[in-house]
Amino acid sequence: MFEATRPHWSQMPAAVQVSAADHITFTGNRFTNLGQLALGIGQDANAHATGVGLGADTITATGNVFAQDAGGGIVVGGVQADAHHPSDSRMTNQNITLNDNVIHDVAIDYRDMTGLLVTYVNGATISHNEVYNLPYTGLAIGYGWGVNDPGGSPEYASRGLYDYQPVYSTPTTAQNNTVTGNYIHDIMQQMADGGCVYTLSASPGSTITGNYCLNTNNY
């Protein structure tokens, strides 16, 4: 019955949430002393008070500081079906730029959250951010563990997940993403099964290059 819940997982609402919007830039802000996730971009509708959700296009976060927050720093993208296979193309999260941000001492209470999480996005650029002093993963990109990739996952078929959701024949919206030049250090201080850059599922046309990782504890 655990697998029956997977297609309906919710996400933590962010202190600042951007959905169904385009051409918005966050520059030089401080997201501190928050009791939840700091900045959410195009998350699921059930994480948004208005019920809109998703559909973020050309959103930039640059030169911001995230510190002393109960949840993670930045989350881009949803986890439910309209995130990875949108029923309306306008719901696609795309053209997201996260660069030159500093994220440290976040996920204080919700320790399984990451400094940066980008789930299902087409055309994200994540560059020259510094992420450090975290209980878990520094930067995670992708989602689903192969569950929603074309043909599905034999592992999750054996667990019965596809009794509760379809096996997709087309790729997810996780495509054409770039992770480059990030400095991630002093992470995985309390949790396990993570890393500096943690990838989950296929992302055609994507590259991960030139990132520097230092002082990672429990893998």
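**Notebook: strands, a buried valine and some rings**

I began with strand pairing and saw that E4 pairs with strand E7 (residues 74-76) in the parallel sense, over three bridges. Strands here are DSSP runs of at least two residues, numbered from the N terminus, and two strands pair if DSSP finds at least two bridges between them. I noted that this is a predicted model, where local features need pLDDT of at least 70, side-chain atom pairs count only at pLDDT 80 or more, and totals for chains, interfaces and linings use all residues. Residues are numbered from 1 along each chain as its sequence is written, and side-chain values use heavy atoms, leaving out hydrogens and water.

Back to E4: strand E1 (residues 14-18) runs parallel to E4, joined by four bridges. I found Gly40 of E4 bridged to Gln17 and also to Val75 in E7. Five of the five residues of E4 (residues 37-41) are buried, so the strand is largely enclosed by the rest of the structure. Buried means under 20% relative accessible area, exposed over 50%, and partly exposed in between (1.4 Å probe, protein chains only).

Next I looked up Val131, which lies in strand E12 (residues 130-132). Val131 is buried at 1% relative accessibility. Beyond four places in sequence, I listed its contacts (heavy atoms within 4.5 Å); among them are Ile103, Leu116 and Tyr183.

Last, a charge over a ring: the charged end of Arg159 sits over the ring of Tyr156, 4.6 Å from its centre. The rule asks for NZ of Lys or CZ of Arg within 6 Å of the ring centre and within 35 degrees of the ring normal.
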